[in-house]
Amino acid sequence: MIELKTPAEIERMRTTGQFVAQVIAELGELADVGVNLLDLEHRARDMIRERGAESCYWDYAPSFGNGPFRNVICLSVNDAVLHGMPHDYVLRDGDVLSLDLAVGIDGWVADS
């Protein structure tokens, strides 16, 4: 069954998606040679807290993992394809960084 959203629901979904895009854009601007991944994690935490959003990753504990995830964003460097855990690593010239963020605002989740 397909459930159609109302215009008001779509607007609430858009708000969450725009926030995720804003966080990723800001972190992308901050990511540079010499920046520690933990600094990006802490900035994401601050932005989420300031917005009153909720991280979908914090305390996530899948059965195949090693316990609850204690970060709000996944940061993968180079050959870490997806869902990298932010750790004490300083970005170097030539590193490839991917960011994965999922948050909820007022019950609506966006993931990018």
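Helices (H or I, at least four residues) and strands (E, at least two) are DSSP runs, numbered from the N terminus. Keep that in mind for the labels on this tour.

You're looking at a predicted model, where local features need pLDDT of at least 70, side-chain atom pairs count only at pLDDT 80 or more, and totals for chains, interfaces and linings use all residues. Residues are numbered from 1 along each chain as its sequence is written, and side-chain values use heavy atoms, with hydrogens and water left out.

Stop 1: Select Asp-106, in the loop between E3 and strand E4 (108-111). Asp-106 isn't a glycine, yet its phi is positive, about 50°. Is Asp-106 buried or exposed? It counts as exposed, because its relative accessibility is 63% (buried means under 20% relative accessible area, exposed over 50%, partly exposed in between, with a 1.4 Å probe and protein chains only).

Stop 2: Now pick Asn-78, in the loop between strand E2 (73-77) and strand E3 (97-105). Here too is a non-glycine with a positive phi, about 55°. At 40% relative accessibility, Asn-78 counts as partly exposed.

**Stop 3: strand E2.** Step back to E2. Five of its five residues are buried, so E2 is largely enclosed by the rest of the structure. In a regular strand, side chains alternate between the two faces of the sheet. On one side of E2 you'll find Ile-73, Leu-75 and Val-77, and on the other Cys-74 and Ser-76, all buried. Which way do E2 and E3 run? They're antiparallel, joined by five bridges (two strands pair if DSSP finds at least two bridges between them). Show Val-77 and you'll see it stands opposite Leu-97 in E3.

**Stop 4: an aromatic pair.** The structure holds one aromatic pair. Tyr-57 and Phe-69 form it edge-to-face, 6.2 Å centre to centre with 85° between the planes (rings of Phe, Tyr and Trp, its six-membered ring, pair if their centres lie within 6.5 Å; planes under 30 degrees apart count as stacked, over 60 as edge-to-face and the rest as tilted). Both Tyr-57 and Phe-69 are buried.
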